[in-house]
Structures are given as C-alpha cells and as structure tokens.
Amino acid sequence: MPLTADKTVFRNVSILDSTGALPYRGDVLVDHDRITAVGTVEPAAAEGARVVQGRGRTLMSGLCDAHTHFTWNNSADLDGLAALPVEEHLLFAVESAKSYVDSGYTMCLGAASAKDRLDVVCRDAINAGRIPGPRYLANGPEIAVTGGELVKGITWFADGPDEMRKAVRRLVEIGVDQIKLSMTGEEITGTQRAEDTYMSDEEVAMAVTEAHRRGKRVCAHARSAESVKMCVRHGVDIVYHASFTDEEGMDLLEQAKDWIFVAPGVNWLIATLYEAADFGFPQEAAEAVGYKRELEKATAAMIEMHRRGIRVLPGGDYGFAWTPHGTYARDLQHFVERFGFTPMEAILAATAQGGEIMLRPHELGKVQPGYLADLLLVDGDPLADITVLQDKEKLHGIMKDGRFHKDPA
C-alpha cells in the first residue's frame, strides 16, 4: 500500500508524554490530526503510514508561550513598537507567527497587539491555513487609563467604568479572544514605576464583568503588589509579571490556583538588566531604575508560587531588540536555573499547562491517544539538558495538526 499524508508512525522514540511520567521507549501513531496510539502500535493500525525512525530521539508535545506578541517588532525602544506602518507591521507579525512554530511553539496566547486587528488577522489566517503559525488566541491593543500607559501609540484609553465597558465591547467587536489591561508601570519608561497601580477597583471590575459576560478572558500587566490583589479580587484570568506580589497577594493567588494563571515574562527582566547595553540601556541604568531589585523580588515570588502549586507558565515579551523573536525557549532555562523547577516541571508548564491556558486541556499539550498531533522530534533529552530546546537544529521534526511543519527527512 502506498504511503499517505494522513497517517504517520514514529518508531523507537523516547516518549515524553507530559503526564509527569518519565520518558519511555515506544512507538506513536498519528492518524490525520490526532494521536491514536502511544507506546505500542499494532501493525494493522500502522498499515500505509509513513514511518519516521526515531532512533531514540525524544518525541514530545509542542510548546506554549503564555505571553505572546506577534506585533512586537524587535524594536530597540518602546515607542518603536508603534512605528511601523500597518502594511509592514502585518508582514512582521506574519513572520513572527512562523518564527514561533519554527521554534517548536505550537500554542501561543496573545498578550496585546500593537495595532487594532493585527492579532485577529494573523489568528484567522493561521486557522485558514494561509500562513504557518501556532494555535493562537488573539488579543487587541492593551487598555490603560489616562496617564497610565506604557506606550501611547499601542494603547486604547478608558477612564472610569463606563469607558472601560465600552472599550471591552469594542475589542470584542473586532474579534479578540481575550482582553489586556495595563494596570501598572514599567521602569524602562523612566516615568511609570512598576510598583505604581493606575487602575481603580471599579475599572478592573467592570472590564472583567463585561469581558466574562461576552465569554472572553482578561489578562493584565500587573507588576505591583496591589495590582495582583486587584486581579484576584475581580477575576482577572491571567496575571502577567506579578513581580512584587506580597504575602496577602500570595494567599489570594493560592486560593484561586484552580482558575488563575501567572506568566512572569522573566526573560524580559534578565535581558533588560544584563543584555540591553548595546541598545542604549546599560546595566548600570537598569539597576538604577530598579530592575535588579525587581528581578530579585520576582525570583522569590515565583519560587513561592511554585511551592504553593500556583500555575506559573513560561513565555513573555519577546520582540524587543534584546529579547528578539526566535529565542523563546530561554524561559524554560530560567525556570530551571532561577525558579527551581525541575526540567520535567518546566516542560509540564510549557506543555500540559499550556493546554490548560489555551482552554483545551483534553486535547493539547500531551502525547496521549486522542490528543491533537502537535509534536516535536528532538535530538536530545530535554530532561538532561533543557537548553536543547533552544537549538533549532536539534528540533528534527515539528508537527502541527498531524502534518509536518518541519519534516524530519
């Protein structure tokens, strides 16, 4: 029988299934877009399938970035995020989408778009098969209050509950999957402090109420202690950064751990502190405005969150000159080296918990029968060396929906 494009069998692979079990040798069968057998594949079931010889390489789920910006354009400053004309900006976003899947990321959650519909357009084009990219949940421009924005050119403004309700409704109208609130400052601005909180309880409560009424989740740029507590009190679903979480906030997060996610975006802090000098922000300046202190606080906070079982996911804020697209897997290394995750825990955060944050835990993020066939064939053992996932040459095969984006042949 001739080989078909609809069925693939991986022979003699080390199966890292993201259930928490140690890898084991076996075979995996993919039929159309689904995994149908794991461990043992009966000859009759594999008849007519393309055979990929694993030779002991690792077969694992595709990865998830929980804080994605397709439209962050590798700018060397904040204002540059808004500088591209919309036509060139769309092309950049399309290239970013491909960069994610080239890097083994088959799931991404949009954390803000620099222009109104760019995220939505990219998501729809990926879903239609017009461009390569990960499974994507799209966002719109972030919402800030007057005087609380990080970058004026990429922000929608809403002051008070009524304006917040209207802004959320407008974003729902353009087709987003989630809403982004910009609640606190960012030290690199020079004026907006990370520990300052700009939104009121009433504004956050209205944003969440209106979004949830329309079936949309809310995520928030929330670095300050107070902003984290506001997020939990009012039902914000995904908290970004959370660097200065205090004891009260930690207790609230722990009580909400069944429904809330935290994505610290740790590589932004590390790279801004140590790797931005060539782009006009030397380490001395970064330390002077507080990034060293914030990194220390964030590290302690994430270690404690992990200890308490709060879901902390990798990914975030790639797309600046010192955090360029294509370097996404650095987060996994930071989780192991800085936050005390084991390599297995880091991989589970980026795979199984990725399926959870994508709202499809029953079919994304694991190598199990019935799951969608989003798979990586890795030349190496990520449990022995988590940095292997940063080497695209070691990603011998990248499959999404049962079809190879990168063919191991």
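F335 has its place in helix α10. The structure is a predicted model. F335 is buried, because its relative accessible area is 0%, under the 20% cut-off for that term.

**F335 and its surroundings**

- Leaving aside neighbours within four places in sequence, F335 is in contact with P264, V266, V312, L313, P314, G340, F341 and A346.
- F335 and A349 are 14 residues apart along the chain, and their C-alpha atoms are separated by 9.6 Å.

**Helix α11**

- Helix α11 covers residues 343-350. It is largely enclosed by the rest of the structure, because 6 of its 8 residues are buried.
- The buried residues of α11 are M344, A346, I347, L348, A349 and A350.
- Which elements do the buried residues of α11 pack against? They pack against the strands β1, β5 (58-61), β6 and β7, and against the helices α10 (330-337) and α12 (352-357).
- A346, one of these buried residues, is also among the contacts of F335.

**Helix α5**

- Helix α5 runs over residues 225-234 and is mostly covered, with 7 of its 10 residues buried.
- Those buried residues are A225, S227, V228, K229, M230, C231 and V232.
- The partners they pack against are α4 (201-213), β12 (217-222), β13 (238-241) and α6 (247-255).
- Just after α5 comes G235, which takes a positive phi of about 90°.

**The sheet β6-β7-β8**

- Three strands form an open sheet in the order β6-β7-β8, and their pairing is parallel.
- Why is one side of β6 and of β8 left without a neighbour in the sheet? Both β6 (63-68) and β8 (135-137) stand at the edges, and each has a single partner strand, so one side of each has no neighbour there.
- From one strand to the next, the twist averages 15°.
- Strands of a sheet pair through backbone hydrogen bonds, in either a parallel or an antiparallel way.
- β6 is joined by 4 bridges to β7 (residues 105-110), and these two strands run parallel.
- C64 has M107 in β7 as its bridge partner, while D65 stands opposite C108 in β7.
- β6 is mostly covered, with 6 of its 6 residues buried.
- Together with helix α1 (residues 86-102), β6 and β7 make a right-handed β-α-β unit.

**Nonpolar cores**

- How many residues does the largest nonpolar core have? It has 102 residues, and those with the most contacts inside it are I143, L181, M305 and L389.
- M305 touches A242, T245, M250, L253, V262, I310 and V312, not counting residues up to four places away in sequence.
- Another core, of 16 residues, lies apart from the largest one; C64, M358, L364 and L372 are among its members.

**Cysteines**

- A disulfide is a covalent bond between the sulfur atoms of two cysteines.
- The count of disulfides in this model comes to 0.
- C108 is in no disulfide, and the nearest cysteine sulfur, that of C64, is 6.5 Å away. For a disulfide, the two sulfur atoms have to be within 2.5 Å.
- C108 counts as buried because its relative accessibility is 0%.
- C231 is one of the buried residues of α5.

- E142 is found in strand β9 (residues 142-144).
- Is E142 buried or exposed? E142 counts as buried, because its relative accessibility is 4%.
- Not counting residues up to four places away in sequence, E142 touches A112, L150, I154, T155, W156, K180 and S182.
- T8 lies in strand β1 (residues 7-16) and is buried, with a relative accessible area of 4%.
- Leaving aside neighbours within four places in sequence, T8 is in contact with V28, L29, V30, A49, R50, V52, M399 and F404.
- T8 and Y318 are 310 residues apart along the chain, and their C-alpha atoms are separated by 33 Å.

Conventions. Residues numbered from 1 in each chain as written. Predicted model: local features only at pLDDT ≥ 70, side-chain atom pairs only at ≥ 80, totals over all residues. Heavy atoms only, no water. Buried < 20%, exposed > 50% of the residue type's maximum accessible area, 1.4 Å probe, protein only. Contact = heavy atoms within 4.5 Å. Pairing = 2+ DSSP bridges. Axes fitted to C-alpha atoms, helices over the stretch in contact; angles between N-to-C directions. Core = buried A, V, L, I, M, F, W, Y, C linked by side-chain atoms within 4.5 Å. Right-handed = clockwise from strand over helix to strand, strands pointing away.
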